Each structure stands twice: as C-alpha cells, then as structure tokens.
Amino acid sequence: MPLDEDVRQILSVMSPPDAPDLAELTVENARLAMGATSALNANPEPVAKVENRTIPGPETPIPVRIYTPDGQGPLPVLMFFHGGGWVLCNLDTHDGTARRLANHAGCIVISVDYRLAPENPFPAPLDDCCAATRWAATNAASLGGDPSRLAVSGDSAGGNLAAATALRLRDESGPALSHQLLIYPAVDSRCATPSFEENREGYFLTAEAMRWFWGHYQGSPADRNNPYFAPICSQNLANLPSATVLTAEFDPLRDEGEAFAHKLIEAGIPCDLMRYDGVIHGFFGMHDMLPKARQAVERASQNLREAFRTA
C-alpha cells in the first residue's frame, strides 16, 4: 500500500529532508532530538491515578511511573518498557502510550525508566526490566493489583526487552506472565531482512540508526548470539506466555518482528500477529493523529483483556 497521507505529513515534521540521521549525531544530541518529538502528543489522556516512584534495582534504584485506571480492583498489571533503541527516550516520551494502555486494557501500567546504553550496555537495561517485573509481582497487592495477572509490553527496543524478559523469567523460574505485547520489536541484531533494505531510509527509523542502536546496546561481541540480547536467536520458545506482535509496513523492523511471531507460533505459543499497512515505525504512539494507531491500541488492549480474563 502507499504511505498513509497523514503519516507523510507527520514525517515532514519529524524527519525533514535536511535533518541529519540519528547515527550522525552524538548520543547527547540524539537524545535532545528524540525528546522534541514527544510534543507531537501534547494532550495526555486522563488516568485516575498517576504516581512516580523509585523501586530497588540490581545496581541503582529504578524510577517507575505507575498508572492506575478507574475500575474495581485488584486490577491486572502490565509492565511497559519504552522504545528508543536502548539509548533514547524516557518515561515522558512514552507517557501517552502508557496512559492509553492503562485505560483501554483496564490494567495498572508500570512504566520502567531502565538504565540506558551506551553508559549502561547489555545486560543492564534487561536487568532493570526483569528486576522491575519481579518487584511488581511481589508488590502488586499494595498497588491494588493482582500478581497472578501480570504481563510485559514494549515498543521497538522496549519490545526487545519485553520478549527478553519473558524468556529470562521463564528460564529463572518466574514470576509467571499472562501475555507479552510486542510492538514492532527489535529482535534481530543482524539487520539483514528484506524490510531492512526496503525501508532503509525515508521512514523515520533508518537502517543506519538501527545499526547505531544495536552497536551502543552491545556489551561484547558475544552478545550478538545471546537470545536475551536478540530474542530471535533463541532455540527454545516453548512455555512462554501468549503474545501480540504488531508491525508496520514501512519499518525496517517489520520482517524480524513477523519472523519472531512465526517462531512463537511454531513453538506452540498463541500469537496474534498484525501488520498495519501504510504506516511507519513509531506509529503506535501517534494516537492523536492516526486512525491506525487508535486501531492498534484497541487491538492490543483487547488481547490484553482477554489474556488477563483467562489467566
């Protein structure tokens, strides 16, 4: 399909022709540039309660933001790990997405401000996400949550962390998860799929930027074959929670997300895979501007509600 006209207009603001690629910037300048895009969603959706807290981490305390919607508790709990290539973004850049998931899925959302690379390469971000998920399981009741209905989610690099958290918690005896919501996840560090070449530039996330992200996230060359680093490397996807995998047509990460979904299905894991045509990487957060973003949020929320209902 052709590029959605609304997306074309958004791209003209987010990525003007004379804008440098993220891979050409310093980490500091890339963070400033990415932070500016959060203004595209300037009208936060009201949530019954929003609380900033700090919880214990494996090395340093982890800031989290807890979103509690209206509803009779105890409520399900959804961990949310923001995207940004493990290098960029924070609780504020993904505040709108967390709010919408809380309201539409009817669950407490705990958004995790994990440590960023390159200052803290793999496995530090994953360590924080796993620690936060374990903290949520232990402390859910005090938040009005139900520890038996716990899920993980994330977009892009956050989708990587959600998938890797599910793998690691399975391997390390829990806590058990009800679902994994993977929004255009980065799961293959080889960067060699057809969609990576087809969409290498011109659609916000470029191929060179993605290689730049993986390079900063990598702690050592051996990480490239580690399934906790690149989940598509896993040789065992059995006994994982059900999954929702959402991809975008004009996204370098499209094919790897879909390949990972098919691997989950082959391993016997219930998985709802949906590609959204005409849109780009990052579209899920463009709720105020794109009908397909609203459709994707509703589909993800329906799947979460169903997974929590049957947990």
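Me: What makes helix α4 mostly covered?

Reply: In α4, 13 of its 16 residues are buried, where buried means under 20% relative accessible area, exposed over 50% and partly exposed in between, with a 1.4 Å probe and protein chains only. The model is predicted, so local features need pLDDT of at least 70 and side-chain atom pairs count only at pLDDT 80 or more, while totals for chains, interfaces and linings use all residues. Residues are numbered from 1 along each chain as its sequence is written, and side-chain values use heavy atoms, with hydrogens and water left out.

Me: How do you know that the span of helix α4 agrees with its number of residues?

Reply: The expected span is 1.5 Å times one less than the number of residues. For the 16 residues of α4 (residues 124–139) this gives 22 Å, and the end C-alpha atoms are 22 Å apart, so the two agree. Helices (H or I, at least four residues) and strands (E, at least two) are DSSP runs, numbered from the N terminus.

Me: What makes strand β7 a partner of β6 and of β8?

Reply: Two strands pair if DSSP finds at least two bridges between them. Strand β6 (residues 179–183) is joined to β7 by 5 bridges, in parallel, and Leu181 has Thr244 in β7 as its bridge partner. Between β7 and β8 (residues 271–280) there are 7 bridges, also in the parallel sense, with Thr247 opposite Arg275 in β8. Strand β7 (residues 242–250) is mostly covered, 8 of its 9 residues being buried.

Me: Why is the pair Trp86 and Trp214 called tilted?

Reply: Rings of Phe, Tyr and Trp (its six-membered ring) pair if their centres lie within 6.5 Å; planes under 30 degrees apart count as stacked, over 60 as edge-to-face and the rest as tilted. By this rule there are 10 aromatic pairs. The ring centres of Trp86 and Trp214 are 4.6 Å apart and the planes stand at 50 degrees, so this pair is tilted.

Me: Why is the pair Tyr217 and Phe229 called stacked?

Reply: The centres are 5.1 Å apart and the planes of Tyr217 and Phe229 are at 15 degrees, so the pair is stacked. Tyr217 is in helix α7 and Phe229 in the loop between α7 and β7. Ring pairs link Trp86, Phe122, Trp214, Tyr217 and Phe229 into a cluster.

Me: How do you know that the chain is as compact as a globular protein of its length?

Reply: The chain has 9 helices and 8 strands. Its radius of gyration is 18 Å, close to the 19 Å that the globule rule gives for 311 residues, so the chain is as compact as a globular protein of that length. The radius is taken over C-alpha atoms, and the rule is 2.2 Å times the number of residues to the power 0.38.
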